[in-house]
2 protein chains.
Amino acid sequence: MSDPLADTARTRLRRLHDRGHFDRETIYKILDAMSLCHVGYLVDGKPAVTPTFQWREGDHVYWHGSSASRALRSSEETDVCLTVTLMDGFVLARSAFYHSANFRSVMIYGRATKIIDPEVKIQRLKNFVEALFPDRWDQLRPATTQEIKATTVLSMPIDEASAKIRTGPPGDDEDEDSAWPVWAGVIPSVLQFGEPVPAPRMGDIAVPDHVRDFSARMTK
Amino acid sequence: MSDPLADTARTRLRRLHDRGHFDRETIYKILDAMSLCHVGYLVDGKPAVTPTFQWREGDHVYWHGSSASRALRSSEETDVCLTVTLMDGFVLARSAFYHSANFRSVMIYGRATKIIDPEVKIQRLKNFVEALFPDRWDQLRPATTQEIKATTVLSMPIDEASAKIRTGPPGDDEDEDSAWPVWAGVIPSVLQFGEPVPAPRMGDIAVPDHVRDFSARMTK
């Protein structure tokens with residue numbers, strides 16, 4: 001799993017090479033840690049960026065939405081870029097220039113393919129729900145043919161991809177600026193999950209494990 | 001400030017119209033609440049999406065980075081899309097179809113312009129630092145001519161923009177699915193800021209107010 005991906009003109013880092021990672025293990029870990037992604041596609045030849053959820057199965061990444069969505073229709077069978085970012089903190093240095101951010105991000109370039117077979121679509125959607133909320137799918141009101149038809153699932157191989165990671169203290173820490181008399185350091189940040197809020201009319205249905213454990217699973 | 005922006009073919013919502021917002025107040029509030037953004041641009045005619053920080057001054061949005069950055073060089077004087085997303089929670093419904101996310105997002109389409117005048121560049125960067133960390137700029141080791149030269153600042157008017165917001169319980173709450181016996185509700189999420197981590201060799205420099213108050217200011 002840790003064979004590095006081939007670098008390409010698009011994934012090669014021009015600067016700060018120590019931040020670049022091309023092994024599948026690092027890339028997969030970031031994808032699996034954050035559902036939110038931003039997909040770039042073209043509308044009339046100009047870039048558009050839409051937030052959505054992604055999930056990974058093996059060496060492919062998936063995302064979905066309404067079949068009527070322009071973001072999805074503009075992404076089908078064409079080149080897109082899917083980017084996932086975890087914001088880990090603000091980095092405050094002694095000079096403005098060295099201020100930075102701690103983060104983990106993955107960019108995947110490729111062609112998005114629309115899944116046609118309804119059974120495959122259902123399986124992918126099930127895997128998405130189950131990855132976030134184990135054992136939930138079979139408890140749900142089953143999906144109707146119309147709902148599956150109204151949902152587009154896109155898939156893209158993780159072939160041309162790279163991770164970029166910054167961690168640690170400000171970069172001016174080791175040079176002459178380190179004596180400058182201003183506080184420097186990191187303000188860490190993390191996407192934190194709060195107490196589940198039951199829908200109205202929940203009656204006496206208890207909070208299931210897959211909801212109660214969610215925060216622990218997502219931040220492990 | 002709350003005059004609505006004109007909708008265009010790109011910003012008009014095709015579906016779920018109640019989620020769309022075109023007034024500057026709503027758009028500005030989201031931009032001001034989240035520094036992280038994702039910028040979409042073209043590389044050899046294909047979309048790329050890079051995470052970076054944005055800040056707003058009046059009716060313009062700004063972002064910056066190394067002058068050598070391909071993401072910035074590919075964005076100068078050409079069409080880009082800048083998207084900001086706050087992820088507010090996972091929405092769990094009784095059916096897979098109604099699962100959703102609570103979020104606030106802004107998409108801004110436009111042409112990015114590079115700021116040439118070094119004095120204007122410095123002023124913009126100062127405003128960025130001061131917006132996040134009041135009174136910090138003047139405490140920093142002053143920026144050198146070389147550092148300013150090595151930094152590109154891009155600007156874009158907030159003309160063609162829209163916000164999209166989803167809040168509240170799952171959408172199947174009011175229809176017949178609401179009796180289906182599975183837990184439904186929202187798992188809220190928020191980007192949380194932790195205890196500041198001082199850089200090594202901080203000596204007895206105290207944590208300044210602009211760091212201590214950061215979390216309270218960002219989550220207000």
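The residues that line the largest cavity divide into 5 nonpolar, no polar and 1 charged, where Ala, Val, Leu, Ile, Met, Phe, Trp, Tyr, Cys and Pro count as nonpolar, Asp, Glu, Lys and Arg as charged, and the others, Gly among them, as polar. This lining consists of Trp137(A), Leu140(A), Arg141(A), Pro142(A), Ala143(A) and Ala96(B). A cavity is a set of points, on a 1 Å grid over the protein atoms alone, where a 1.4 Å probe fits but cannot get out, and lining residues have an atom within 4 Å of a point. The structure holds 1 cavity of 30 Å³ or more, and the largest cavity contains about 30 Å³ of space; the volume is the space filled by probe spheres set on the points, which are joined across faces, edges and corners.

The model is predicted: local features need pLDDT of at least 70, side-chain atom pairs count only at pLDDT 80 or more, and totals for chains, interfaces and linings use all residues. Residues are numbered from 1 along each chain as its sequence is written, chains are lettered from A and ligands numbered from 1 in the order in which they are written, and side-chain values use heavy atoms, with hydrogens and water left out.

The interface comes next. In chain B, 88 residues are in contact with 88 residues of chain A, contact meaning heavy atoms within 4.5 Å. The two chains bury about 7,600 Å² between them, 67% of it on carbon and sulfur atoms; buried area is the accessible area (1.4 Å probe) that two parts lose on being put together, summed over both.

Between chain B and chain A there are 30 residue pairs in polar contact, both residues at pLDDT 80 or more. A polar contact is a pair of N or O atoms within 3.5 Å; within protein, one must be able to donate a hydrogen and the other to accept it, and residues adjacent in sequence count only if both atoms are side-chain atoms. By class, the side of chain B that touches chain A has 53 nonpolar, 20 polar and 15 charged residues.

Side chains of opposite charge can pair when their charged atoms come close. A salt bridge is a side-chain nitrogen of Lys or Arg within 4 Å of a carboxyl oxygen of Asp or Glu. Between chain B and chain A the count is 4 salt bridges. Asp177(A) and Arg141(B) meet in one through their side chains (2.7 Å, N to O).

Notes:
1 Å grid on protein atoms, 1.4 Å probe; cavity = no way out; pocket = protein on both sides within 12 Å on 5 of 7 lines; lining within 4 Å.
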